[in-house]
Amino acid sequence: MEIVEQQPQTRRDFLYLVTGATAAIGVGATAWPFIDQMEPSADTLAAGAPIDVDLTPIAPGQMIRVRWRGAPIFIVNRPPKELDTLKDKKLAAELRDPESQVRQQPTYAENWSRSVKPEYGVYVGICTHLGCIPQFFPEPSATTPVTNWPGGFFCPCHGSKYDLAGRVYSGVPAPYNLPVPPYRFASDTKLRIGENPPGVTFEMNSVVQM
Ligand code: FES
């Protein structure tokens with residue numbers, strides 16, 4: 001059976017879990033979940049079969065982490081206040097690639113929210129500097145590792161920071177925005193990672209940098 005990784009941080013709003021390909025995911029929104037899944041074969045994982053994720057338990061301001069093709073995928077539910085922050089021109093001026101011009105995402109995520117539906121951000125959780133896994137900080141707080149930062153993803157290895165759309169800041173070691181994997185909405189509440197919307201072709205290996 002598939003196992004779940006331990007929650008690595010103490011933040012209550014960070015749901016951290018791992019699942020396998022072809023398995024649907026559902027979590028309790030208030031507990032750090034342990035999920036039992038049928039473990040897919042190594043061949044299936046290597047082939048990058050799509051995974052389905054139930055979005056209903058992810059409350060606004062929360063993030064879960066699933067595994068696809070061996071990579072951590074961040075799925076964050078962004079409430080309106082956080083979406084307003086993403087549209088802030090002052091924030092855009094601090095970013096290296098605010099318009100997502102570098103090919104780090106499919107065309108359907110080349111927009112201000114870097115997503116299909118603005119409220120749900122879906123990103124490969126691997127820092128584009130040297131590959132550490134960034135931490136999630138949905139909003140400023142006493143524990144935010146950097147000052148004057150509205151929150152987002154912070155990489156503790158060398159201090160790179162990204163906003164809540166995975167856009168990297170200028171002046172940090174990471175050179176590129178977090179990649180967006182292929183995904184589509186199988187229904188209003190179900191995300192399918194590893195599959196593009198109909199009529200679109202996008203492969204993970206076409207991004208500039210993982
Ligand atoms: S690996 Fe993230 S800042 Fe270096």
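This is a predicted model: local features need pLDDT of at least 70, side-chain atom pairs count only at pLDDT 80 or more; totals for chains, interfaces and linings use all residues.
Okay, pLDDT first: that's the predictor's confidence in each residue, on a scale from 0 to 100.

Residues are numbered from 1 along each chain as its sequence is written.

For the chain, the mean pLDDT is 82, and 78% of the residues reach 70 or more.

Now the layout. You're looking at 3 helices and 11 strands. These are DSSP runs, numbered from the N terminus: helices are H or I with at least four residues, strands are E with at least two. Reading from the N terminus, the order is β-β-α-β-β-β-α-α-β-β-β-β-β-β. Among contacts with a separation of 6 or more, 59% come from residues 24 or more positions apart.

Let's zoom in on strand β5, residues 71–77. Why call it largely enclosed by the rest of the structure? Because 5 of its 7 residues are buried. Buried here means 20 or more other C-beta atoms within 10 Å of a residue's own; exposed is 12 or fewer, partly exposed is in between, and the C-beta atoms are placed from the backbone. Over the chain of 210 residues, 34% count as buried.

What sits beside β5? On the one hand there's β4, residues 63–68, pairing with β5 in the antiparallel sense over 6 bridges; strands pair if DSSP finds at least two bridges between them. Trp68 has Ala71 as its bridge partner in β5. The two strands make a hairpin with 2 residues between them. Arg69 is in that turn, with a positive phi of about 55 degrees. Most residues other than glycine have a negative phi. Arg69 counts as partly exposed, because it has 17 C-beta neighbours inside 10 Å.

Then there's β6, residues 120–124, joined to β5 by 5 bridges and also running antiparallel. Here Phe74 is bridged to Tyr123 in β6.

On to the core. A nonpolar core is a set of buried Ala, Val, Leu, Ile, Met, Phe, Trp, Tyr and Cys residues joined through C-beta atoms within 7 Å. The largest one has 33 residues, and those touching the most other members are Val66, Ile73, Phe74, Ile75, Val122 and Ile193. Elements giving two or more residues to this core include β4, β5, β6 and β11 (190–193). Take Ile73: leaving out residues up to four places away in sequence, its contacts include Val66, Trp68, Val122, Pro181 and Ile193.

Last stop, the loop between β7 and β8. Asn148 is found there, and it has a positive phi of about 50 degrees although it is not a glycine. Buried or exposed? Asn148 is exposed, with 7 other C-beta atoms within 10 Å. Pro145 is in this loop too, and it counts as exposed with 12 C-beta neighbours inside 10 Å. Pro145 and Pro156 are 11 residues apart in sequence and 8.6 Å apart in space, C-alpha to C-alpha.

Note on methods. Two residues are in contact if their C-beta atoms, placed from the backbone, lie within 7 Å.
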